[in-house]
Amino acid sequence: MTEPFDILLVEDNPDDVELTLETLRSNHISNRVEVARDGADAIAMLFDPGGLADRGRSALPRLILLDLKLPKVGGLEVLERLRADARTRTIPVVVLTSSREDPDVAASYRLGANSYIVKPVEFDRFIVTIRELGFYWLIVNEPPDGRRH
Amino acid sequence: MGTRNSPRDGDERDVSAIAAHGSRRGWVIACVVGAGLSVWATLAVDAAESNRHSQLFALWANERAQLVTAQLETIAADVPTFQSFYENSETVTNDEFVRFARDWTRRHPGIVRVAWMAAEGSAATPFVEPAMDVESRDAMLARPEISAACARARELGRPTCTTPMRENGPSRVVVHLVAPVAVAQEESARHQGFIVVSLCPTDTIEAALDRSIPVGLDMTVTDVSDSSTPLLVAERPSNAPQSDVPRSAGRTTTRAPSLRHETTIEFADRLWRTTVDATPYFDRLRRSWIAPSVLAGGAILTGLLALHLGSVASRGRLVERLVRQRTAQLERANAELDEHRALLEQRVAERTRQLADANHELEAFSYSVSHDLRAPLRAIDGFSGLLLAKTETVEKLDSEAVRRLGVIRRNVRQMGQLIDDLLAFSKLSRVELTHREVDMNGLVRSCIDSLAHDREGRNLEIRVHDLPSCHGDESLLREVWLNLLSNAIKYTRLVPFAHVDVRAENVDGRTEYVVRDDGVGFDMRYVHKLFGVFQRLHRAEDYPGTGVGLALVRRIVRRHGGDVSANSEPGNGATFRFWLDEVNHD
């Protein structure tokens, strides 16, 4: 994990991971994607001593795709941690989850998510969603620290 | 609970207080007033009676005294007649004297005897009528009292009277009236002698009072000329029946007289006092039974009044007891009510808890559904999609495999849609309605915009007429419009140039929103199934759908207090109309 990467995908479902990675790759969004399999893993990856946050801005991802329903530590808590730390506060976070429940949406935005996407069941639409959001956040969107690879 | 106790307790206290207070006070007042009035009445009556009694006595005593006095004065006043008799005659013989004397005596009761006594130095024999023996006559006339009286009479030139003297033993009191007789002779009068009238005043009184009925009065006449010793002149005790009156010796002297009438007369230069005393018999004439009767009457009345008040008090106590009973009953009833209320509240709380728990379970359920059911679906669709997306994979599969994969993917989509619809449908009953004014025009237009994707590549005209606004939940009404409009779009799929008409109509004072399409329509025979959950009147391969949409529409409008209806001619489109209750939302 010493190389810089573009997207941190925090997702526990392996099938969703595979589909997302495949989509990102085949649509030429990025193939520099790291995966954290649960909330604890994500936090450890970022905030442990010697973790990504310690290694400077260039080590951090340009986009975080965050599922909410994660084992050990949930997505909302990870989000809270991300926004609490000055080093990670400005990283764009897109909540990517199956839930369309209002409380989840409200909490996500309240805790500082940049966007909230509901994972479509239909694969075609899933592809479109991933492609579009990837395109938007990595290419269209102006990053907060002017970092463009 | 607090409000229950005080007013009733207060009432009870008041009633007891009134009853007790009233009876106590009533008793006291009754007794005091009754006693006071009785005593006052008794005293008043007694005083009145005493007054009457005294007045009666005064009347009687006065009457009798006057009679007696008159009689005595008549005698005294008539003595000059006797004097004139002598003074007008040269000589008076014994016979003449006797005749005159008898006549005179007859006229004046109480005269014992009359005598003529010649002046000193005259040898003439005294005349006495009725006759007396010489010895007695001389003895009488020689008495010093008579001599003294003669001397005084001669000196004064008018009749005088002796002090009372006893004669014939102690039984009779007599006075002697001495009148001088003088004959006028040239310049002087020659004293001739004296007329002596012996009078028993007692007999005079007797005669005087003979005419009236003397009862209960003692009469005495006393000579009070000499102030130190009054001398009894006459005594006339009452004629009252003595048997029933206790007699003590010396009645008239030892007993203090209750009533006494005194008159004083001048009887021939003596001062006589007539005293009339009331005897115990006269006292008994006093109606002394009146006062006790009044007192008794008063006591009885007071007793009755007290009894009455006592009965009032006991009635008061009865009322009080009743009130207490009722109060106790009320309190018991109240206690029961409170118990029931507490029980009900407990039950309500329980049910609410149960409902809340059920709701929470449903929430958790739907959350789980929305997340956990979708994820596998996504995988199914995704991986089958990947299979078809990758060219090298597709080349390995034959057309049948590809078709079957398509079937899988189609079903997955169906299931995903179903899950969404079901979730929306179940959430509907848990969600709280917000009531606000909803701009139906804006809402419909927004829905039409949302359905732009469905209209892509379609020759379809949606005409929206002016819709009145309504009151309700905007997000739920959006669902209604979305479902109805998407249905209209869907079921006109096979019409080359489709029309959808959205308008509002006033039917019997009710605003009905109408969505009309000229699509495939449906068989009216199955109209009752149209709004059922999962009920479809068309085949899925012709017109995809989950069969939940219209059920959702109906549930929403019913929650708004309205309803939905549908009409159709197969091949000639369908008309859906819904209305909301303007006032009554749940």
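Two strands are taken as paired if DSSP finds at least two bridges between them. Helices (H or I, at least four residues) and strands (E, at least two) are DSSP runs, numbered from the N terminus.

This is a predicted model, in which local features need pLDDT of at least 70, side-chain atom pairs count only at pLDDT 80 or more, and totals for chains, interfaces and linings use all residues. Residues are numbered from 1 along each chain as its sequence is written, while chains are lettered from A and ligands numbered from 1 in the order in which they are written.

**Chain A**

An open sheet of five strands in chain A has the order β2-β1-β3-β4-β5, with parallel pairing. Its edge strands are β2 (33–36) and β5 (115–118) of chain A, each of which pairs on one side only. From one strand to the next the twist averages 20°, where axes are lines fitted to C-alpha atoms, for helices over the stretch in contact, and angles run from 0 to 180 degrees between N-to-C directions. Chain A has five helices and five strands, and along the sequence these follow the pattern β-α-β-α-β-α-β-α-β-α.

Of the 149 residues of chain A, 37% count as buried. A residue is buried if 20 or more other C-beta atoms lie within 10 Å of its own, exposed if 12 or fewer, and partly exposed in between, with C-beta atoms placed from the backbone. Two residues are in contact if their C-beta atoms, likewise placed from the backbone, lie within 7 Å. Among contacts in chain A between residues at least 6 apart in sequence, 67% join residues at least 24 apart.

Leu76(A) lies in helix α3 (residues 75–84) of chain A. Leu76(A) counts as buried because it has 20 C-beta neighbours inside 10 Å. Leaving aside residues up to four places away in sequence, Leu76(A) touches Leu68(A), Ala107(A), Ser108(A) and Leu111(A).

| Strand pair | Sense | Bridges |
|---|---|---|
| β3 (residues 63–66) and β4 (residues 93–97) of chain A | parallel | three bridges |
| β1 (residues 111–118) and β6 (residues 188–199) of chain B | antiparallel | seven bridges |
| β1 and β2 (residues 127–129) of chain B | antiparallel | three bridges |

In chain A, Leu66(A) stands opposite Val95(A) in β4(A). In chain B, Ile111(B) stands opposite Leu199(B) in β6(B), and Trp116(B) faces Phe127(B) in β2(B) as its opposite residue. Strand β1 of chain B is mostly covered, with six of its eight residues buried.

Helix α8 (residues 290–389) of chain B has 100 residues and reaches 142 Å from its first C-alpha to its last, close to the 148 Å expected at 1.5 Å a residue. The expected span is 1.5 Å times one less than the number of residues in the helix. At Val369(B), α8(B) bends by about 25°, the bend being the angle between axes fitted to the seven residues ending there and the seven starting there.

**The interface**

In the contact between the chains, 16 residues of chain A meet 15 residues of chain B. On the side of chain A that touches chain B, α1 (14–26) and α5 (123–140) of chain A each supply at least two residues. The most comes from α1(A), with four residues. The residues on this side of chain A divide into four nonpolar, three polar and nine charged. Here Ala, Val, Leu, Ile, Met, Phe, Trp, Tyr, Cys and Pro count as nonpolar, Asp, Glu, Lys and Arg as charged, and the others, Gly among them, as polar.
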